[in-house]
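Here's a quick report to read alongside the model. Let's start with one spot and then zoom out.

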Amino acid sequence: APAPAPAPTSTSSSPDPVPTQMDPRTELEADIAEVNRLIGLSQRAPVTAHLQAFLETLRQRKAALAPVEPAKPVAVTRVAPELTIPWVDLKNFSWTQENGFVEIYLELANVGTVPTEHVHVTVQANAIGAVVEGLEGKNYRFTQNPLCHPIDPAASLYRVRPNRIYFKLKKAKESEYWDSVQMRADRFSEALKKEKYDYSDPSKGLMDLMKNLYESGDDEMKRTIAKAWTESREQKNP
């Protein structure tokens, strides 16, 4: 008699795992944290204004969501919070203009004691800035962006003194009179009004805003946006 045929083996495979998605409230909280981080990195007044407007929109959308039912208490292990160094924005300085130059005196006690690798000064055609890290337990930052008028970075200079940072900025047009160091808000308000973003969808609005900042920013801004975007994707797709 012929041998019985072997029983058929199963060839079915387990279905692909379905990617998990965060609930709307968690998505909004992640976007709010991301925008807050970008605001801390921004050194450009128009960029900061866009980010703050978008941040307010995200907060309003979060407030409009139905409250989440409180989760049942679970046992957790308390971890000591990491210590963060506070940031201090430097707003007060003195300045003068003479012989085609603008001179700025930014007073900061003991800045000369900070290692040079922790003092970062930028001089660009339309902006200047300084970041001092770890001075007596604090970080300090200073920015004037955009400047009242363009300058010639190659002919400008800065010096770090024991208790101040000194800028000597060469005017692009020597005879041009400066009525302030930073361009007044009313001079670029019209430019801000021309920028339109779709805030109805938080994710799309954030993408459009970051894309615009990346395309219009300098090399430092491009690196900042690229790093923030990479870290955001890593957090959402561990």
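## A histidine and its partner

The side chains of His149 and Glu176 are joined by a polar contact of 3.5 Å. A polar contact here is a pair of N or O atoms within 3.5 Å; within protein, one must be able to donate a hydrogen and the other to accept it, and residues adjacent in sequence count only if both atoms are side-chain atoms.

His149 sits in the loop between β6 (138–144) and β7 (151–160). With a relative accessible area of 14%, His149 is buried (under 20% relative accessible area, using a 1.4 Å probe and protein chains only).

## Ground rules

This is a predicted model, where local features need pLDDT of at least 70, side-chain atom pairs count only at pLDDT 80 or more, and totals for chains, interfaces and linings use all residues. Residues are numbered from 1 along each chain as its sequence is written, and side-chain values use heavy atoms, leaving out hydrogens and water.

## The whole chain

There are five helices and eight strands, taken from DSSP runs (helices: H or I, at least four residues; strands: E, at least two) and numbered from the N terminus. From that end, the order goes α-α-β-β-β-β-β-β-β-β-α-α-α. Of the chain's 238 residues, 29% count as buried.

The chain's mean pLDDT (the predictor's confidence in each residue, from 0 to 100) is 79, and 65% of the residues reach 70 or more. Where pLDDT is low, the predicted coordinates should not be read in detail.

Terms used:
Buried means under 20% relative accessible area, exposed over 50%, partly exposed in between (1.4 Å probe, protein chains only).
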